[in-house]
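Visitor: I would like to go through this structure with you. Could we begin with the terms and then take the chains in turn?

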Amino acid sequence: MTTKRIVLTLKVLLWLGALAPTAWMGGGALFGWLGANPIEKLEHVSGMTALIALLATLLVTPVRRLTGWNPVIQLRRPMGLFAFYYVFVHFAVWMGLDLSLELSWITEDIAKRPYITVGFTAFLLLIPLALTSTRRSIRRLGKRWVKLHRLVYVAPALGVIHYYWLVKADVRIPLLMGAIYAALMLARVPAWVKGRPRRATAARRSRAKLVEGREPRDTVAVAAVD
Amino acid sequence: MIIRVSKPSDIPSSEITPEDVYVNRRSFLKQAAAGAAGLALAPTALEALERGSAARGPQQVDYTRLKSELGEPVNSYKDITTYNNFYEFGTSKSDPSENSGDFHPRPWTVAVEGHVKNPGSYHLEDFLAPYKVEDRVYRMRCVEAWSMVVPWRGFPLADLIEKAEPTGDAKFVELTTIMRPSEMPGQHTRVLEWPYIEGLRLDEATNPLTLLVTGVYGKDLPNQNGAPLRLITPWKYGFKGIKSIVKIRFVEDMPHNTWWVTNPREYGFYANVNPHVDHPRWSQARERRLGELRRRETLMFNGYEDEVASMYAGMDLRKWF
């Protein structure tokens, strides 16, 4: 198989996997398998999927470094966008179904409940990232795009805290998520330490490439962000 | 079988009326009104009908049609038995119904001990023998801000306390769940401290609303709902309703109930349903009634204010949450 074919296959698998929770939620809403508290179930499934997708997005770069197989990076943007999609579904179910779009209930929850404040913040942080995920934005924002998209390291941390603060006693899964997040961040440290002195030049170089517009965008983004 | 609605002060109405009469009550009322007697006759006429049905012998109760004293329909048997908090079987709502199949609620022994004149340890059948069970429709409000309406079957804890004869030193009742990790997979984890413990002040325990429950929907309790014996205090958050009870102990000091031990900042001993005192992490002002789309306002003492408020007169319910 050519690299192109492998990437295409991976992308198809990614789409299938990423849309499976949506299909499950839609089917559940239609056929009633969401249980006695369907709104809560939708919140749990969308929230869990969002967190997993955010962590999966953070996995791409370490995998690339570990395997040396650069094309894997092409999965990162669709993964990030799917993560945002599920964060949005989670937010929409909470606001629209759980709180019936009652503005006073929504603002009260965001202001008074720390776990909702944190979760809402994560959602807000991800909006500009989703909006600037186009090739045009990458080109236009250049170095600032790289800086902006470092927020992708913050959002999953907030997601883990949101989850941890929400559960009543059984913190095992939130802790597991936290551990995975920590591992993914630690995996980046060596590259950051090594790349530090050359960061400015690297950024300049990548920007130059961007301007030329010959380098595939995803490779450029990797070179710059990580 | 006595079928009673949750407010002991209320006259039973639709709950004890046979389904056919109940369903046709409007036409019956209309007929009564047309008969020149007017609506004033209706209550008497209904009572006569009820007596008539009682004379027909044991009636078939359609539990799905029961309503609370506020006219709220009961939740489905499926909802009540598949959406449970029973951490001994796992922490997700579906775990208790999925993981409790190996649990054996019989044979079962219940111990009554502590400051009582008549302590003892009983086989479940002997333990239950002296008491007359009845069906009662209660609201169940969870501390997690969801609620349901459940037709329980049980007897007042007060009846047991009367027989046990607590001494003057008994100020509280402490109840304990069975410790049986071999059949309760959740007890292998350290999510909570096992065994689960709950408690009531003696006056709360003797309140006529407080029920030792043996069944739901006219059937024996399923394992996931706390078979074979559980507590129900409908004006308190659901976690007070300790399940699978093996020990009822009369004590002098306030029991250390499990959720209070786990997080005293968030869970109190009293745990009275109170829309004005929020849980630190979520609002208690509203709740989702399972089966409803829009959240509804939570009622003070879960709607049982008339029956229980006097017990807390003069207490700061913010402090004693």
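Guide: Two residues are in contact if their C-beta atoms, placed from the backbone, lie within 7 Å. This is a predicted model, in which local features need pLDDT of at least 70 and side-chain atom pairs count only at pLDDT 80 or more, while totals for chains, interfaces and linings use all residues. Residues are numbered from 1 along each chain as its sequence is written, and chains are lettered from A and ligands numbered from 1 in the order in which they are written.

Visitor: How many residues of chain B are in contact with chain A?

Guide: 16 residues of chain B are in contact with ten residues of chain A. On the side of chain B that touches chain A, six residues are nonpolar, five polar and five charged. Here Ala, Val, Leu, Ile, Met, Phe, Trp, Tyr, Cys and Pro count as nonpolar, Asp, Glu, Lys and Arg as charged, and the others, Gly among them, as polar.

Visitor: Chain A next. How many helices and strands are there?

Guide: Chain A has twelve helices and zero strands. Helices (H or I, at least four residues) and strands (E, at least two) are DSSP runs, numbered from the N terminus.

Visitor: And what percentage of chain A counts as buried?

Guide: Of its 226 residues, 29% count as buried. A residue is buried if 20 or more other C-beta atoms lie within 10 Å of its own, exposed if 12 or fewer, and partly exposed in between, with C-beta atoms placed from the backbone. Among the contacts in chain A with a separation of 6 or more, 65% come from residues 24 or more positions apart.

Visitor: What span should helix α2 of chain A have, at 1.5 Å a residue?

Guide: The 30 residues of α2(A), 38-67, should span 44 Å, and the end C-alpha atoms are 42 Å apart, which agrees. The expected span of a helix is 1.5 Å times one less than its number of residues.

Visitor: Where is the kink in α2(A)?

Guide: The kink, of about 25°, lies at V60(A), shortly before the proline P62(A). The bend at a residue is the angle between axes fitted to the seven residues ending there and the seven starting there. Just after α2(A), G68(A) has a positive phi of about 75°.

Visitor: How far does α3(A) reach?

Guide: Helix α3(A), residues 76-98, reaches 31 Å from its first C-alpha to its last, close to the 33 Å expected for its 23 residues.

Visitor: Over to chain B. Is strand β5 mostly covered or mostly uncovered?

Guide: Strand β5(B), residues 146-156, is mostly covered, with ten of its eleven residues buried.

Visitor: Which strands does β5(B) pair with?

Guide: Two strands pair if DSSP finds at least two bridges between them. Strand β4(B), residues 134-141, runs antiparallel to β5(B) over eight bridges, with E134(B) opposite G154(B). These strands form a hairpin with four residues between them, and A145(B) in the turn has a positive phi of about 75°. Strand β8(B), residues 211-216, is also antiparallel to β5(B), through five bridges, and there F155(B) stands opposite L212(B). Strand β12(B), residues 286-289, pairs with β5(B) in the parallel sense over two bridges, where W146(B) is partnered by R288(B).

Visitor: Which residues have the most contacts inside the largest nonpolar core?

Guide: They are V150(B), W152(B), V173(B), L212(B) and I245(B), in a core of 50 residues. Strand β5(B) gives the most to this core, with five residues. Apart from it lies another core, of 37 residues, including F82(A) and F120(A). A nonpolar core is a set of buried Ala, Val, Leu, Ile, Met, Phe, Trp, Tyr and Cys residues joined through C-beta atoms within 7 Å.

Visitor: What is L212(B) in contact with, leaving aside its neighbours within four places in sequence?

Guide: L212(B) is in contact with G154(B), F155(B), L157(B), L160(B), L229(B) and L231(B).

Visitor: Which peptide bonds are cis?

Guide: The bond from R106(B) to P107(B) is cis, with omega near -5°, and P107(B) lies in the loop between α5 and β2 of chain B. The bond from W194(B) to P195(B) is also cis, with omega near -5°; P195(B) is in the loop between β6 and β7 of chain B.

Visitor: Why does A271(B) count as buried?

Guide: A271(B) counts as buried because it has 21 C-beta neighbours inside 10 Å. A271(B) has a positive phi of about 55° although it is not a glycine.
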